[in-house]
Structure formats: C-alpha cells, structure tokens
Amino acid sequence: MRILFVTSLLICGQVMAQSLPGFREEPTKLSPEVETRRQLLQVSLGRAPADLLLHNVTLLNVFTGNWEPAQDIAIAGDRIAWVGNSGNFTGKALATRDASGLWAVPGFGESHKHIESSYLTPEYEAELVVPFGSTWTVEGSHEISNVVGKNNVDYWLYAEDAGSPLKIFPAVGSATPPTVYESGGGYYGHDEMAAFMKRDLRVVGLGEVMDWTAVSELDAPGHKRIWGMMQATRQNRGVIEGHGAGLVTAAEINAFAAAGLSSDHEVRLPEEGLEKLRRGVFLEVKVRAMRDLFPHLIKEGLSDWSNISVTTDDRDVHTTTQLGSMDYNIRTAIKAGVPTTIAYQLGSYNTARHFHIDHLVGSIAPGRFADIVLLTDPDTVAVESVYASGRLAAQNGKYLLDVPKIDYPAWATNTMNVGRKLTAEDFVMPAAKNRESMDIAVLEPFYFKPELPKDTLAVTEGELRADPARGISKVAMIDRYHGDAALSTMFWRNVGPLSPGSALASSQSHDLHNIWALGNDDTAMALAANTVAQMQGGWALVHNGELVATVRLEVAGLVSQRSVTEVGAEVEALFNAADQMDWIGNPGLPERMRFAFLTASPWKWQLVAPYKGNPGGLVNITTGETHPVAW
C-alpha cells in the first residue's frame with residue numbers, strides 16, 4: 001500500500017507538471033539512490049508510513065556534539081527518514097519501539113581496516129563485528145588485491161549486495177604489487193585505478209600509499225606507476241590514503257602532505273601525531289598509539305578533533321571476540337581522556353566526512369543508512385542493540401540475522417599455485433666447499449635499520465643449519481603465484497621454535513601474501529608449507545615432526561567462509577598448541593610474523609621470493625641493493 005500511495009502522488013505530480021505550458025518531462029531513469037531519497041521525502045512529510053519508530057531515545061548529534069534527550073527516529077527501509085523531538089513525527093509507523101533510558105549513537109565505522117586480518121569473508125565479518133556496533137568499514141584492500149587482481153572490488157561488494165548489513169567502502173590497494181621486487185596476482189596502475197573508481201560509487205579512493213621511495217624519488221622504480229594511480233584517483237574525486245610510518249621529520253611530514261597523501265594510520269609518537277595533524281593529515285589512530293597521543297593532544301589544548309579518527313587496522317577473529325571491535329577503540333579513547341561525545345565522532349562522523357560518504361553513514365540524520373547503536377551507558381560503550389541498514393541486527397551481543405550464502409568464484413577460492421609438493425631438500429642451504437664456517441646475513445622481526453646485520457654459522461655436513469640455541473632460525477619465502485616452486489631462504493634471529501623438529505608456516509604474509517615458513521628443521525618446514533598450500537591457504541604448525549594445528553583460510557589464502565565460532569576455535573587451538581612448545585625470545589606463537597615481511601616504510605632490508613637478478617631474495621627495498629644470504 002505504501003508504494004502505491006507514493007506512486008500515486010508522483011503520478012499526480014507528473015500530470016500537473018505536464019499540463020504546464022512549455023514543460024517537457026525528462027526521460028532520465030532515476031538511480032536507486034535517488035529513487036530511495038524521493039520516497040524518503042514522502043515519509044518525512046508524513047505522506048507514507050515509516051517501518052519503525054524508535055521512541056524517546058537520548059541521541060548523540062554529531063553535527064553539534066550534543067546529547068539530545070527525548071528524540072524519535074523514523075526509519076523507512078534501510079534509511080532514516082525523520083529525526084526530532086518525541087511526539088512530533090506527523091506520519092505513522094508500522095512498528096514502534098520504546099527506547100526510553102537508552103542512548104543512540106551512529107553505527108561505528110572503520111577509517112582503515114584490513115578485514116582479511118580477521119580471517120573471515122565479509123559476510124562473516126558482519127557476524128563478528130556488528131554485535132559490537134560496527135556497521136561500516138573503509139577497507140584498505142591491498143591484501144586480497146594482490147591475490148585476486150582485477151576482481152578486487154567485485155569481491156568486496158558481493159556480501160552487501162547479497163544482503164549483509166555491513167557496508168564496505170573499498171579503498172583500492174596501492175601496494176599491488178607492494179614493490180617492483182615482488183610479483184603476485186595483481187598489477188594496478190593508472191588505468192586500473194581509473195576503472196575501479198568508475199566501477200561503483202562505494203569505491204572511495206586509493207588505499208594507503210606505502211612505497212614512500214617510489215613516491216618521493218623521481219628516478220625510483222615504480223615512481224610513475226604510483227603517481228599514475230594517484231592521478232586517476234584525484235581525477236575521479238577520490239581520497240588518497242597514506243602510510244607514514246617512520247616519516248617524522250618536518251621535511252618528511254610536509255612532503256607527505258604536499259604529495260596529497262591525506263591520512264596516516266601509522267603515527268606512533270605523540271609529537272609526530274601533533275605535527276602531522278598541524279599539516280592537515282587526517283589521523284587514523286590505532287589503540288597502541290591512543291594512550292600516549294590523546295593525552296598529549298589534550299595537554300596541548302587541541303580544540304578541534306574533526307581531523308582525527310580511531311581505527312583497528314588489523315585484528316583477528318579470536319582477538320576481536322575477546323576485546324571487541326570499534327567499541328574497544330572508542331572505549332580506549334575515552335579512557336585516554338577524550339570527551340565521550342568526541343570519542344563517538346572519532347568512531348563515526350569524522351571518518352565519513354574524510355571519505356566524502358557522510359551523506360550515507362556516520363550520523364543519525366535523515367537520508368543516512370539506519371545504522372544506530374543503542375547503549376545502556378555511553379561512557380563505557382555498553383552496547384544493548386544494533387540496527388544496521390534499518391534491521392535489528394544484534395542484541396545483547398548476539399547476531400540476529402542470517403548470514404547470506406555466497407558462492408565465491410574460482411578466482412577467489414583456487415589461488416595456491418606453488419607448482420609442486422616441496423621437499424626438505426628445497427629448504428637446504430648448501431655451504432661453499434671446504435668451509436668450516438660462513439658469514440651470513442641475518443634479519444629479525446621488525447628490523448628497520450639501514451645496516452644489514454651479519455653473523456657466522458658453522459658448516460654442518462656441507463650445509464648451513466638453524467642454530468636455535470643461539471636464537472637463529474631459518475626462514476623461507478615461497479612463491480605461491482607462478483607455479484615454479486621458487487623460494488628464498490635465509491636466517492633470522494630472536495624468533496622461531498626451540499622445540500626440535502618444529503616449524504610454522506602461513507599464507508598470511510603482508511602484503512603480497514606468499515607463503516612464509518619459519519623453523520629449525522627442513523622436513524618440518526616442508527610439511528608446514530605444503531599443508532598451507534594444500535588447504536588453499538592458512539596456518540600450519542609442526543611440533544616434533546608432527547602437524548599439531550592448522551587454520552584453514554581457503555578464500556584467497558587469507559580468509560575463510562565459515563562462522564566466527566568455527567574459525568575462532570581454530571585460531572585458539574593454534575595458539576594453544578604453540579603454548580605447548582618452547583620458543584626463542586617471547587613464549588607462544590609468533591603471530592605477528594605475518595606482518596614481518598612488509599616491504600614498506602620504515603622497513604629497509606627484506607626477504608622476498610626470488611626474482612630476476614636476485615635468486616636469494618634479500619633486497620634493500622629503499623635502494624634496490626641486493627646481498628647474498630651467505631658468503
């Protein structure tokens with residue numbers, strides 16, 4: 001009846017208009033977005049009924065920064081049609097909920113997140129994060145982009161188009177590939193970026209530009225590619241995201257902003273954060289930086305927080321179930337001294353404005369998606385229920401909606417192309433003839449200095465082996481894209497298993513996502529790597545020569561199309577199995593190794609899969625200098 005009523009009004013309007021002298025009706029077909037707003041107007045005026053009226057709630061107005069008591073919110077379909085003082089809505093509602101005693105804030109939105117790090121496909125990511133109040137995400141998509149290439153945007157839109165309440169706004173991965181020294185499943189330049197921007201209005205821009213050398217050095221390999229992508233983004237009115245790790249001097253910060261890199265999620269030092277904020281860089285602040293940065297900003301008398309957001313970046317399914325999602329970030333900001341109303345703006349409206357999507361998300365206002373988080377206590381971010389796109393999606397921590405069934409294509413589910421089964425011999429590092437010892441290059445997790453560390457290893461039976469007693473493990477990087485079973489090996493220190501016959505392998509290897517293996521035994525490393533390949537991606541842990549735990553990530557080798565409970569249980573079992581082993585340095589699974597192979601600032605030396613001219617794979621990504629792993 002409602003649709004017929006609205007249609008009749010519009011037909012009457014057309015008849016009246018067409019009777020006017022000289023009037024010509026435009027034949028243009030209205031887009032779904034415009035048609036939605038045309039119908040919302042009728043609900044706002046009371047001419048058509050709302051689907052739901054949330055009655056008598058205390059509402060956070062992010063435009064004024066105030067709590068407004070005794071407010072009603074009229075919802076029509078997946079949008080908000082009317083907001084105002086209780087009892088003033090002139091229309092009717094098909095259903096009413098009395099929300100007395102509850103506070104309403106906008107659905108939380110991520111300014112920079114890699115959903116891939118949760119280990120879940122987007123429809124199951126919704127099951128994970130919506131109960132915590134998160135209803136939309138700007139996805140920094142250079143993880144899966146390196147696997148699925150041209151199909152990147154299609155992948156991110158599948159779930160929402162199939163009915164998932166979590167809205168995803170892709171920021172196309174600039175690091176595809178991350179550097180000229182790597183080759184994976186995708187290549188993006190100017191033309192590819194322009195096509196993505198035209199593909200769908202939900203594509204908001206270019207994801208974090210990480211290769212600072214390519215950006216800043218005129219003769220650097222990849223310089224023209226990255227500037228071409230930036231040009232295509234700007235020409236299509238998109239946002240260019242930055243990655244400013246290690247860029248802390250005044251000259252670097254000014255250059256970063258001058259290049260048009262609009263944001264940074266890698267701020268670590270309070271003084272660095274304030275300086276970047278002063279130069280117009282939008283800060284996307286992670287939990288580890290909040291505790292120092294926010295008190296510093298308060299101490300410095302910051303009066304305008306509109307160019308700051310809080311965000312997650314990377315958090316796996318098990319950790320999220322323990323800590324929370326954006327609710328945890330907002331709660332942390334409040335504990336760090338940020339006023340409560342501002343903290344919610346950091347988790348919603350500020351990000352929406354930055355990405356030019358504030359007409360859709362980030363506030364409780366007419367025309368926006370009906371993403372509303374009802375709280376019992378705003379100061380502790382106590383979530384009672386969550387409305388996402390007009391539907392009651394979660395209540396008291398329980399997800400209430402069905403997860404849509406999606407059949408992902410083979411380009412997303414058949415991505416492991418190592419080429420053959422690996423053997424222990426593939427991981428052997430033969431020594432030079434007639435040598436009792438050799439000098440070796442060694443790296444360690446999160447080593448950022450320009451000097452390449454070196455050590456010495458004894459030759460054992462004609463080869464170089466890991467020496468766990470000295471804190472030295474073997475590391476391999478295995479190409480998963482080109483089918484030639486190519487791999488690089490070298491030694492790392494201060495990480496790895498002490499337990500004999502042990503190894504850990506994963507296809508979660510930011511950002512190219514080849515398979516890495518870490519261990520003290522070649523047979524164990526081969527078993528772990530082969531298991532990952534056979535599962536179409538994931539994690540594999542070998543202890544005393546036996547496979548003791550796996551996490552299957554069968555979609556792109558990065559995520560799984562399974563429930564939060566099932567995947568979370570596998571991740572927990574992996575950690576528990578690792579706890580039964582002895583490790584170099586810190587006890588327990590070295591899970592952060594999945595980030596240790598990044599080829600971006602502030603990294604210098606890094607191990608990548610073999611490429612032309614560098615069979616060892618050890619390269620200084622800022623200069624292109626190569627180095628043997630043993631000599």
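**Briefing: nonpolar cores and aromatic contacts**

Trp212 is buried, with a relative accessible area of 15%, which falls under the 20% limit for that class. The model described here is predicted.

**Aromatic pairs**
- The structure contains 18 aromatic pairs.
- In one of them, the ring centres of Trp212 and Phe256 lie 6.2 Å apart with the planes at 40°, so this pair is tilted.
- Trp212 belongs to helix H7 (residues 212-216) and Phe256 to helix H9 (residues 250-258), so that the pair links distant parts of the chain, 44 residues apart.
- Phe256 is also buried, at a relative accessible area of 1%.
- Trp516 and Phe597 form another tilted pair, because their planes meet at 35° and their ring centres are 5.9 Å apart.
- This pair likewise links distant parts of the chain: Trp516 is in strand S25 (residues 515-519), while Phe597 is in the loop between helix H18 (564-579) and strand S28 (605-607), 81 residues away.
- Both Trp516 and Phe597 are buried.
- Tyr155, Trp156, Tyr158, Tyr408 and Trp411 are joined into a cluster by ring pairs.

**Nonpolar cores**
- The largest nonpolar core has 133 residues, of which Phe294, Ile308, Leu464, Trp492 and Leu541 touch the most other members.
- Apart from this core lies another of 21 residues, including Leu422, Leu487, Ile515 and Ala524.
- Leaving aside residues up to four places away in sequence, the contacts of Leu464 include Met429, Ile440, Phe491 and Ala630.

**Charges over a ring**
- Arg79 lies over the face of Phe369, 4.1 Å from the ring centre.
- The charged end of Lys167 also sits over the ring of Phe369, at 4.9 Å from its centre.

Terms used:
Residues are numbered from 1 along each chain as its sequence is written. This is a predicted model: local features need pLDDT of at least 70, side-chain atom pairs count only at pLDDT 80 or more; totals for chains, interfaces and linings use all residues. Side-chain values use heavy atoms; hydrogens and water are left out. A nonpolar core is a set of buried Ala, Val, Leu, Ile, Met, Phe, Trp, Tyr and Cys residues joined through side-chain atoms within 4.5 Å. Buried means under 20% relative accessible area, exposed over 50%, partly exposed in between (1.4 Å probe, protein chains only). Contact means heavy atoms within 4.5 Å. Rings of Phe, Tyr and Trp (its six-membered ring) pair if their centres lie within 6.5 Å; planes under 30 degrees apart count as stacked, over 60 as edge-to-face and the rest as tilted. Helices (H or I, at least four residues) and strands (E, at least two) are DSSP runs, numbered from the N terminus. A charge sits over a ring if NZ of Lys or CZ of Arg is within 6 Å of the ring centre and within 35 degrees of the ring normal.
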